[in-house]
Amino acid sequence: MESTMKGVRGGGAPCVLDMDDAATVGGGVEDTYGEDRATEEQLVTPWTVSVASGYNLLRDPRYNKGLAFTEKERETHYLRGLLPPTVISQELQERKIMHNIRQYQLPLQRYMAMMDLQEGNERLFYKLLIDNVEELLPIVYTPTVGEACQKYGSIFSRPQGLYISLKEKGKILEVLKNWPERSIQVIVVTDGERILGLGDLGCQGMGIPVGKLSLYTALGGVRPSACLPITLDVGTNNEQLLNDEFYIGLRQRRATGQEYADFVHEFMSAVKQNYGEKVLIQFEDFANHNAFDLLARYGTTHLVFNDDIQGTASVVLAGLVAALRLVGGTLAEHTYLFLGAGEAGTGIAELIALEMSRQTKTPIEECRKKIWLVDSKGLIVSKRKESLQHFKKPWAHEHEHVDNLLDAVNTIKPTVLIGTSGKGQTFTQEVVEAISSFNEMPIILALSNPTSQAECTAEQAYTWSKGRAVFATGSPFDPVEYNGKIHVPGQANNAYIFPGFGLGVVMSGAIRVHDDMLLAASEALAQQVTQENFEKGLIYPPFSNIRKISAHIAANVAAKAYELGLASRRPRPKDLVKYAESCMYSPIYRNYR
Ligand SMILES: O=C([O-])CC(=O)C(=O)O
Ligand SMILES: [Mg+2]
C-alpha cells in the first residue's frame with residue numbers, strides 16, 4: 001500500500017516548469033487523487049480506504065466514469081455486468097448531458113440536474129462547467145443558486161458539505177473529523193443570515209458555499225477534494241422557513257451575542273486545529289452586523305477572506321479601472337455615490353480610497369471624501385455620525401441632510417453610481433436620467449443579487465441613459481440593443497476574483513490575507529480586459545477565458561504574498577503564471593491501473 005501511495009501522492013509530474021524545486025511541480029500542494037493538470041498523463045489508483053472497485057467504484061463520484069470505463073478497466077475493476085456493453089468517450093457523455101440539461105425549461109431543474117451530476121460523476125460535472133461556463137454559471141451559481149437556497153428543503157436529496165449546528169456545540173472538532181478529506185485548502189462558510197440579496201435563509205444557505213466552491217474548482221482550478229463547504233446553523237429568524245415543514249435547519253431563532261461569538265470561535269479554533277494555519281476560510285453571506293467583526297477578529301490569527309467585503313471590492317475596482325479607459329480621468333478625478341452602505345458598499349469604497357491614496361500619495365482620509373454613501377436613512381453625513389454603525393463612520397462627511405438617492409445624485413453629482421443595497425428597482429428612471437444629464441458616459445453598477453434584486457435592468461440602464469451608460473451588474477443580463485447598437489453589460493461579480501485569488505493564496509502557501517493582495521487581484525483582472533471587450537462597452541473580460549484570467553490573478557496575488565513575506569511555499573516558482581496553470585484541477589478522466 002505504502003509504495004503505491006507514493007506513486008500517487010505529490011504528483012511527481014514531469015518537470016515542465018522553470019523552477020528551482022522540482023518537488024513542488026504537479027500541484028503546489030499534495031495531489032492525492034491525481035487531479036492537477038500537471039499529472040494528467042500519469043496512471044492513478046482509485047483509492048478510497050482500499051482500492052475502489054465494482055459497484056462501489058460506480059457509486060464513488062470522484063472516480064466514477066459511467067459508460068466511459070474502458071474494457072480493460074471494466075475487467076480489472078470488477079465492473080463486468082454492472083454496465084451496459086457500450087463504451088463511450090467523455091466528450092460524448094458531455095454532449096449528451098448538455099443536450100439533456102437544455103431540455104429542461106426551468107433553471108431550477110437544470111440546477112438539480114447539475115447537482116445530481118456533481119454527486120454522481122464529479123469529473124464530468126467539472127468538465128461540463130469548465131467547457132460551458134457562460135451557459136452553466138447562471139445555473140450552478142447566481143442567480144439560480146438563490147432560488148435553490150429558497151427551496152433547498154424541498155429539493156434536498158443528497159447532502160453536500162458539512163452542516164455544523166448549535167447541537168454540535170462543544171463537539172465541532174469531532175464533526176470536522178467526520179468529513180472524509182484530511183487535506184483541505186479552502187473552506188467557504190456561511191451562517192445563512194444574508195444570502196445574496198434574499199435575506200435570512202438559515203441552514204438552506206448551504207447552496208452558496210457549495211456553489212462558490214464549485215467555482216473555486218471550475219474557474220480557479222482548486223481541486224474539489226481540497227474544498228469544504230460549511231454551513232453554521234445558529235437558527236433562523238425567517239418565520240416562513242420556521243413554519244415550513246420541509247425546512248432542513250434548526251427550528252429556533254438565531255443565536256446572538258456571546259452565544260453566537262462562542263460558537264463561531266469554537267469553529268474557527270477547530271478548523272485551525274484540524275487543518276492547520278494554511279487553510280483559506282472564506283466568509284460568505286454573513287449579515288453586516290457580524291461580517292465586519294468576524295473579519296477584524298480573525299484577520300490576524302487565521303487565513304480569512306470575506307468575499308462580500310473584499311472579493312466584491314476587488315472585482316469592482318478592476319471594473320472601474322477598466323472603465324476609466326473608456327470614460328477617461330483617474331480614479332481620484334471621479335466622484336462616487338453608493339446606494340447601500342453594508343459589506344459590499346463600504347468594502348468597495350474602502351478599496352477605491354486605498355488605491356486612490358496609493359496613486360496620488362494622498363492620505364486615505366482625504367481620498368474617502370470623494371466617495372459618498374446613501375443608506376436607508378439618506379446620505380451618510382457627519383451629523384449622523386453618533387448613531388452610525390462603526391463601518392459607516394469613515395464615510396460620514398460634512399454635508400447637510402439629504403433624504404433620498406435622487407436628491408443625493410442631484411446634490412453630489414457623481415460620475416459613478418454603485419448599487420449594493422440588496423434591493424431591486426432602486427435606480428429609477430429619474431435617478432438614471434439625473435446622472436446621465438451631467439455625465440457624457442455615467443458609470444452605473446447595479447450590483448445586488450440575484451437578478452430580482454438588481455437596482456435596475458440592463459435594458460433600463462441603456463434606455464434611460466440613451467445608450468450612454470457604462471453599465472455592469474452583479475447577476476448576468478443579456479445584451480441589449482439600443483438605437484441599433486448592441487450593448488453588452490459586464491458582470492461585476494466576485495466570481496471573477498475569489499477563484500483566482502484563492503488559488504494564489506493556496507499555491508504560495510500564504511498565511512494571511514493582506515489588502516495589497518486584493519489590489520493585486522484587481523490589477524490582474526483589469527489587465528485582462530481587451531480592446532475588443534471595450535468596443536462592446538464591456539469592462540470585464542468574458543467568463544469563457546476565466547481559467548486564463550484566474551491564472552493571472554493567482555500569479556499576481558502569489559507574487560504579492562512573496563513580496564510581503566507572507567508566502568510560506570519555498571522556493572518561489574520563477575514563472576508564477578505557468579505554475580498556477582500547472583496546479584489547476586483537470587477534469588479529464590484518468591486511466592486506472
Ligand atoms: O454570490 C454572488 O453572486 C455574489 C455575492 O457574493 C453576493 O451577492 O453575496
Ligand atoms: Mg456573497
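This is a short walk through a predicted model of one protein, from its overall build down to a few single residues.

Hi everyone, thanks for coming. The mean pLDDT of the protein is 94, and 95% of its residues reach 70 or more. The model also scores ipTM 0.99 and pTM 0.92. The part to treat with care is residues 1-26, where pLDDT stays under 50. For that stretch the model has 50 contacts beyond four places in sequence.

Now the overall build. The secondary structure comes to 25 helices and 14 strands. The radius of gyration is 24 Å, close to the 25 Å that the globule rule gives for 593 residues, so the protein is as compact as a globular protein of that length. Buried residues make up 53% of the 593. And if you take contacts between residues at least 6 apart in sequence, 72% of them join residues at least 24 apart.

On to domains. UniProt, in an unreviewed entry, lists residues 118-299 as "domain: Malic enzyme N-terminal". In our model that stretch is 47% helix and 11% strand, and its end C-alpha atoms are 33 Å apart. The domain assignment for the protein gives domain 1 as 107-302 and domain 2 as 310-495.

How do those two domains meet? Their C-alpha centres lie 29 Å apart. Twelve residues of domain 1 are in contact with 14 residues of domain 2. On the domain 1 side, the largest share, three residues, comes from helix 14, residues 288-298. By class, that side has eight nonpolar residues, four polar ones and no charged ones.

Next, some backbone details you can find on the screen. Which residues are joined by cis peptide bonds? One such bond joins threonine 142 and proline 143, with omega about 10°. Proline 143 sits in the loop between helix 7 (133-140) and helix 8 (144-150). Another cis bond joins asparagine 449 and proline 450, and there omega is about -10°. Look for proline 450 in the loop between strand 10 (443-446) and helix 20 (458-464).

Leucine 196 has phi near 45° and lies in the loop between strand 2 (186-190) and helix 11 (207-218). Is leucine 196 buried or exposed? It counts as buried, because it has 26 C-beta neighbours inside 10 Å, and 20 or more is the cut-off. Glutamine 425 has phi near 60°, in the loop between strand 9 (416-419) and helix 19 (429-437). Glutamine 425 has 13 C-beta neighbours inside 10 Å, so it counts as partly exposed.

Last stop: glutamine 103, in helix 4, which covers residues 90-103. Why does glutamine 103 count as exposed? Because there are 9 other C-beta atoms within 10 Å of its own, and exposed is 12 or fewer.

Notes: Residues numbered from 1 in each chain as written. Chains lettered and ligands numbered in written order. Predicted model: local features only at pLDDT ≥ 70, side-chain atom pairs only at ≥ 80, totals over all residues. Helix = DSSP H or I, 4+ residues; strand = E, 2+ residues; numbered from the N terminus. Rg over C-alpha atoms; globule rule 2.2 N^0.38 Å. Contact = placed C-beta atoms within 7 Å. UniProt positions renumbered as here; feature names shortened; annotations may be inferred. pLDDT = per-residue confidence, 0-100. Domains from an automatic or database assignment. Nonpolar A, V, L, I, M, F, W, Y, C, P; charged D, E, K, R; others polar.
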